[in-house]
Amino acid sequence: MADKLISTGSPFEAEIGYSRAVVADGWVFVAGTTGFDYATMEISDDVAAQADQTFRTIAGALAEAGASMADVVRVRYILPDAEDWPACWPVTRNWLGEARPAATMIVAALQDPRMKIEIEVTARLPNS
């Protein structure tokens, strides 16, 4: 089966040359995603609001792939400021508390200074 490429229409995808998600061999690999609302290209100043918007984008990509947040097995969080991380915990628990994937949090600079969190997930398609 050929890989399926999923796009959200983000200008970053076209300008940089990547897919929001790729479905391959029963897996869904979702690219690092930030808190931009890609329909409006607006981003909140609040890290928790960014995390929530990021998960909405990820959930949409997973749905297009035939998966859901319940299918997530791995998540990586990247934040420029480690002190922002605890404010995200209620959001991460809301979106992934049932799935409880393996997780890593990394502190690193992001592409745009407005970005306060980037999230990447890997999911297994149901019945794979």
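Student: Is Thr92 buried or exposed?
Tutor: Let's start with the cut-offs: under 20% relative accessible area is buried, over 50% is exposed, and in between is partly exposed (1.4 Å probe, protein chains only). Thr92 has a relative accessible area of 11%, so Thr92 is buried.

Student: What kind of model is this?
Tutor: Residues are numbered from 1 along each chain as its sequence is written, and side-chain values use heavy atoms, leaving out hydrogens and water. Local features need pLDDT of at least 70, side-chain atom pairs count only at pLDDT 80 or more, and totals for chains, interfaces and linings use all residues, for this is a predicted model.

Student: Which backbone oxygen does the side chain of Thr92 reach?
Tutor: Good one! Thr92 sits in helix H3, residues 85–96; helices (H or I, at least four residues) and strands (E, at least two) are DSSP runs, numbered from the N terminus. Contact means heavy atoms within 4.5 Å, and, leaving aside residues up to four places away in sequence, Thr92 touches Phe55, Tyr77, Trp85 and Gly97. At 2.9 Å, its side chain reaches the backbone oxygen of Trp89.

Student: How far does helix H2 reach from its first C-alpha to its last?
Tutor: H2 covers residues 47–65, which is 19 residues. The expected span is 1.5 Å times one less than the number of residues. That expectation is 27 Å, and the reach of H2 is close to it, at 27 Å.

Student: How many residues apart in sequence are Arg76 and Glu120?
Tutor: These two form a salt bridge (a side-chain nitrogen of Lys or Arg within 4 Å of a carboxyl oxygen of Asp or Glu), with the closest N and O atoms 3.0 Å apart. Arg76 lies in strand S4 and Glu120 in strand S6, so the pair ties together parts whose distance in sequence is 44 residues.

Student: In the salt bridge of Arg114, which residue is its partner?
Tutor: The closest N and O atoms are 2.7 Å apart. Arg114 is partly exposed, at 45% relative accessible area. The partner is buried, at 14%, and its name is Asp112.

Notes. Polar contact = N/O pair within 3.5 Å; in protein donor to acceptor, adjacent residues only side chain to side chain.
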